[in-house]
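Hello,

Here is the structure I promised to pass on. Please open it first, then read my notes below.

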Amino acid sequence: MLSRRAFLLSTLAASTASTLARAQTAPQTGAGGTSAAPTVLRIARRGIEVNGKPASVLGIRQPDGTFGITTQVDKRFRVHLENTLNEPSLIHWHGLTPPWQQDGVPGVSGPPIPPGGSADYDFPLRFGGTFWMHSHQGLQEQLLLAAPLIIRDQRDRPDQQEVIVMLADFSFTPPDQIFAGLKKGGSMSPGAMTGAAPAPAKAKGKAGGTMAGMTMGAMAAKPDLNDVKYDAFLANDRTLGDPEVVKVEPGGRVLLRIINSSSMSAFHVDLGPLDGELIAVDGFRIAPVVARRFPIAVAQRLDIRLAIPRAPAAYPVLAVLEGESRQTGVILQARGAPIARIPDNASTASPALTLDLERRLRAAGPLKPRKADRVHTLNLTGEMAGYVWSINNVAWNKDVPPLPLAAGERVELIFVNKTPMPHPMHLHGHEFQVVEIDGKRFSGAVRDTVLVPPGRRVVVAFDANNPGLWAIHCHLLYHLDAGMFTTLGYV
Ligand SMILES: [Cu+2]
């Protein structure tokens, strides 16, 4: 068994380069293809202004300046991706289910695109919803190399205005320096130990020797949040000092497509006086949930419907940093209403994200009930000292064998967080359903990224219907880069 599996996977890996090369040099024109030209996307350096200072960041734009893509579910995903950077890059289509060689993870799906090079993508879209794209190369995501990927479908109402809100964390410190600072770590700040707001300092590691003396219980009681001290939090590239203002119709309907493209930061979306109707998470419909605040972990998306009141007014859509009071957001402006300056800090600090909402979510289209054919337990493990993060105590390296499974199986993944930090776990190439939290089974949301808070146990189920080699990892950028990453593979 083992040798056959090893053989199959080595064959899979060996064929990667040539398959990708074919896919990259020869856009497919076979059955199901269209004669329309592919959408061109360019990875490029760009300038923005943050806190009144210029910042050089990266971006993914069409030649006409459009960020990312908005398309339709009945169209193929046909993209010609150009890398104009002077370094390699590769883009992952987060939440989509392409053939595995087109998934955009360097070293797993295939090689990165060299400077000046390009790659072509062509695959059918299986479902609509709010998705996004981002670099999976090195730490480029921290430089805002991400963009919306919106797939409209028949569920979208023609009478609603769509507003995309892309959240991000920003630092003037280069990402490699942030990472080096985290690895050097040093001492966990007293603030983090007591839950008080730590003193602002760039890229300050909170890791340290004090962890050894703590019990699991103590760690779970005081989650360790926000490793990196950011200079700004952005909504559509802007801070609240100069926010995006979106004109909306009094009495009209708005669909917020909120994308958390942050490298490390989770938020509470705050709709102020407006009731929001959450209709989808990570692109997949749920039984609607009405509230004014919604948690959003890194890489997750929320589709929220709003009914704009008839009175002209300005309605901020804010995102408050988990565990702190810092916030960002956009302003919905109904009929020229005056806009007040919104402070960069909320009046009170927010709590850590919990699974309270996740427990309440029910998929509109759940997986068919079925017993799992295979179960893998992924203990989320790590050492604060040295900033080493791992799965089942193994920090990712190229010699780690893929978790085995077989095509057609119902697979369950058990995430057990053994660390004091929350980890948003993302599976590539498959949508999964949340089926258990802390021992309680339920028919939860279908999605692609689930938060596993400290000490918690979350089980997700998926159908092995997309053979290949797939990444599964924590979506906190520096945890991912430090090794909280593994793969699963099947033919
Ligand atoms: Cu993590």
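H423 is buried, because its relative accessibility is 0%, under the 20% cut-off. C474 also counts as buried, with a relative accessibility of 0%. Bear in mind that this is a predicted model.

Both residues belong to the copper site. The copper ion has H423 (ND1), C474 (SG) and H479 (ND1) as its protein donors. Along the chain, the donors follow the spacing H-x50-C-x4-H. H423 and C474 link distant parts of the chain, 51 residues apart. H423 sits in strand β24 (residues 423-427), and C474 in strand β30 (residues 468-474).

The largest pocket holds about 390 Å³ of space. It is lined by 17 residues, and F67, P148, I164, M166 and N236 are the closest to its centre. Three strands each supply at least two residues of this lining: β3 (69-72), β8 (146-152) and β9 (160-170). By type, the lining has ten nonpolar, four polar and three charged residues.

The second largest pocket holds about 310 Å³. Of its 15 lining residues, P106, W396, L480, D481 and F485 are the closest to the centre. Which helix gives the most to the lining of this second largest pocket? Helix α6 (residues 477-482) does, with four residues. The lining of the second largest pocket divides into eight nonpolar, five polar and two charged residues.

Over to you.

Best wishes

Key
Residues numbered from 1 in each chain as written. Predicted model: local features only at pLDDT ≥ 70, side-chain atom pairs only at ≥ 80, totals over all residues. Heavy atoms only, no water. 1 Å grid on protein atoms, 1.4 Å probe; cavity = no way out; pocket = protein on both sides within 12 Å on 5 of 7 lines; lining within 4 Å. Points joined across faces, edges and corners; volume = space filled by probe spheres on them. Nonpolar A, V, L, I, M, F, W, Y, C, P; charged D, E, K, R; others polar. Donors = N, O, S within 2.8 Å, 3.2 Å for Na, K, Ca; no water. Buried < 20%, exposed > 50% of the residue type's maximum accessible area, 1.4 Å probe, protein only.
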